[in-house]
Amino acid sequence: MVIKVFLASSSGSTAIKKKQQDVVAFLEALKVDYTPLDIACNEENRMWMRKNVPEDKKPSTGIPLPPQIFNEESYCGDYDTFFDAKEDNTVYAFLGLPPPPGSKEAEQADRTRIVENGTQEDNEAERNLGDATEVPVKERNGDAHEEEERAADGEGDAGDEAAAGDEEEEEEEEADEQAHVEDEEEQEEDELQQLEDEEEAEVQEEEEEDLEETQEEEEAE
């Protein structure tokens, strides 16, 4: 992996010159191999740098200023992000390089891994504890079977009660129908008896009229 630092050798800005010197001096102090690429006298370098700086990293003017740092084709950042990484002891991470053993960044990475591993071990211990206290499959199945049997018994009892209730309702309906039929029969008998009484009364009345007529005729003779 090659670290590329885009610089302007003939820049008239004192601030840009100072930033470039800070980046180069720090990389040399860390003994990081890098390749300086001048954009002042090389048009291809300037165009490549402007093209490969991400849009969200460009200034409001749209033209990125040196120094700009790349790891091969991957963009690392400008002077401000490089300075922040230097303050946080994360320059190697900023450059996309593994920190050398014994460096502050390597020690910090080791501490981070220890914390992460410790957290991971705690999580594994909790999972193992959960597995150890988990109810065996047979017991779970046994409990499930017992619950199913109890549910089946409950359903059977409920079914018997429902069937008994249906039989009682049918018996009540039959009794009501029988009572209704008997009432209708009694009503018909009463009506027939009333008709018979009326007919008998009419016959008796006619006989009485005939008897009166006969008596009147005899008296007239």
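Lys 58 sits in the loop between helix 2 (43–52) and strand 3 (68–71). The model is predicted. Lys 58 counts as buried, because its relative accessibility is 18% and the cut-off for buried is under 20%. A polar atom of the Lys 58 side chain lies 3.1 Å from the backbone oxygen of Arg 50. Beyond its neighbours within four places in sequence, Lys 58 touches Arg 50, Val 53 and Pro 64.

Next, the aromatic rings. The structure holds seven aromatic pairs. One of them joins Phe 6 and Trp 48, and this pair is stacked because the ring planes are at 10 degrees, where under 30 degrees counts as stacked. Phe 6 belongs to strand 1 (residues 3–7) and Trp 48 to helix 2, 42 residues apart. Trp 48 also pairs with Phe 70, this time edge-to-face. That pair links helix 2 with strand 3, across 22 residues.

| Pair | Centre to centre | Angle between planes |
|---|---|---|
| Phe 6 and Trp 48 | 5.4 Å | 10 degrees |
| Trp 48 and Phe 70 | 5.0 Å | 65 degrees |

Which of these residues are buried? Phe 6 is, at 1% relative accessibility. Phe 70 is too, at 0%. Trp 48 is partly exposed, at 24%. Ring pairs link Phe 6, Trp 48, Phe 70 and Tyr 75 into a cluster.

The lining has 14 residues, and Lys 19, Leu 65, Pro 66, Gln 68 and Asp 78 lie nearest the centre. Helix 1 (14–29), strand 4 (74–78) and helix 3 (79–87) each supply at least two lining residues. By class, nine are nonpolar, one is polar and four are charged.

Note on methods
Residues numbered from 1 in each chain as written. Predicted model: local features only at pLDDT ≥ 70, side-chain atom pairs only at ≥ 80, totals over all residues. Heavy atoms only, no water. 1 Å grid on protein atoms, 1.4 Å probe; cavity = no way out; pocket = protein on both sides within 12 Å on 5 of 7 lines; lining within 4 Å. Helix = DSSP H or I, 4+ residues; strand = E, 2+ residues; numbered from the N terminus. Nonpolar A, V, L, I, M, F, W, Y, C, P; charged D, E, K, R; others polar. Buried < 20%, exposed > 50% of the residue type's maximum accessible area, 1.4 Å probe, protein only. Polar contact = N/O pair within 3.5 Å; in protein donor to acceptor, adjacent residues only side chain to side chain. Contact = heavy atoms within 4.5 Å. Phe/Tyr/Trp six-rings, centres within 6.5 Å; stacked < 30°, edge-to-face > 60°.
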